[in-house]
Amino acid sequence: MATVTTYFWIACGSALGGMSRFWCSGFVAKRFGGTFPWGTMLVNVVGSFIIGFFATLTGPDGRLLVSPNARQFVMVGICGGYTTFSSFSLQTLSLLRDEEWLLAGLNIVLSVVLCMLSVWLGHVAASNLNELQGA
């Protein structure tokens, strides 16, 4: 059962993740425009890499031993606050309602493929790090 401390760390991580998402999405939108949700896609891809990497690095066979609260802080708090699947869904609906069929389809396909690739790359990177000798 989760303790008050666990909820506290998840809340702190969520705040950090949400602020990071807001900044990153805004930064990308200013650089590339807001017609296509590149900021949301970048956030989801980076968040997928982070959760894949951290879950593998700190898992039972991982190289880094962290407390359950630390795992919850990063994986539920930071990654949960940072990734934006609900924003992705709303933006895709908006594209569909505007009859931007190609952009909506592109957003769906790129988001799923890139996030799956990213979570796998995070897993592979941490697995390789876990196998290093000595450090």
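This is a predicted model: local features need pLDDT of at least 70, side-chain atom pairs count only at pLDDT 80 or more; totals for chains, interfaces and linings use all residues.

**Helix by helix**

Taken along the principal axes, the C-alpha atoms fill a box of roughly 55 × 35 × 25 Å. Of the 135 residues in the chain, 32% are buried. Take the contacts between residues at least 6 apart in sequence: 74% of them join residues at least 24 apart.Back to H1, residues 4–32. Its buried residues are Thr6, Ile10, Gly13, Gly17, Gly18, Cys24, Ser25 and Val28. What covers them includes H2 and H3. Ala15 is also in H1, but with a relative accessible area of 40% Ala15 is partly exposed. The C-alpha atom of Ala15 is separated by 7.7 Å from that of Gly77, and the two residues are 62 apart along the chain. Just after H1 comes Gly33, with a positive phi of about 90 degrees.

Now H2, residues 38–57. The same length check works here: 20 residues at 1.5 Å a residue should span 28 Å, and the end C-alpha atoms of H2 are 28 Å apart, which agrees. The buried residues of H2 are Gly39, Thr40, Met41, Val43, Asn44, Val45, Gly47, Ser48, Gly52, Phe54, Thr56 and Leu57. What do the buried residues of H2 pack against? The partners are H1, H3, H4 and H5, with H3 covering residues 68–82.

**H4 and its two sides**

H4 runs over residues 85–97, and its 13 residues should span 18 Å at 1.5 Å a residue; the end C-alpha atoms are 18 Å apart, in agreement. Which residues of H4 are buried? They are Phe88, Thr92 and Leu95. These three cover an arc of only 55 degrees around the axis, and therefore sit on the same side of H4. The general rule behind this is that an α-helix has 3.6 residues a turn, so residues three or four places apart point the same way. On the other side of H4, Ser86, Leu90 and Arg97 are exposed. The buried residues of H4 pack against H2 and against H5, which is residues 101–131.

Leu96 is in H4, and its relative accessible area of 34% makes Leu96 partly exposed. Leaving out residues up to four places away in sequence, Leu96 touches Trp101 and Ala104.

Where does Glu99 lie? Glu99 is in the loop between H4 and H5. Its phi is positive, about 60 degrees, although Glu99 is not a glycine. Is Glu99 buried or exposed? Its relative accessibility is 56%, and the cut-off for exposed is over 50%, so Glu99 counts as exposed.

**The largest pocket**

Last, the largest pocket. About 270 Å³ of space lies in it. The lining has 18 residues, and Ser25, Pro37, Gly39, Thr40 and Gln91 are the ones nearest the centre of the pocket. Which elements give two or more residues to that lining? They are H1, H2 and H4. H1 gives the most, with five residues. By type, the lining of the largest pocket divides into six nonpolar residues, 11 polar and one charged.

Some of these names have come up already. Ser25 is among the buried residues of H1, while Gly39 and Thr40 are among the buried residues of H2.

How values were computed
Residues are numbered from 1 along each chain as its sequence is written. Side-chain values use heavy atoms; hydrogens and water are left out. Helices (H or I, at least four residues) and strands (E, at least two) are DSSP runs, numbered from the N terminus. The expected span of a helix is 1.5 Å times one less than its number of residues. Buried means under 20% relative accessible area, exposed over 50%, partly exposed in between (1.4 Å probe, protein chains only). The arc is that of the directions from the helix axis to the C-beta atoms. Contact means heavy atoms within 4.5 Å. On a 1 Å grid over the protein atoms alone, a cavity is a set of points where a 1.4 Å probe fits but cannot get out, and a pocket is an open set with protein on both sides within 12 Å along at least five of seven lines; lining residues have an atom within 4 Å of a point. Grid points are joined across faces, edges and corners, and a volume is the space filled by probe spheres set on the points. Ala, Val, Leu, Ile, Met, Phe, Trp, Tyr, Cys and Pro count as nonpolar, Asp, Glu, Lys and Arg as charged, and the others, Gly among them, as polar.
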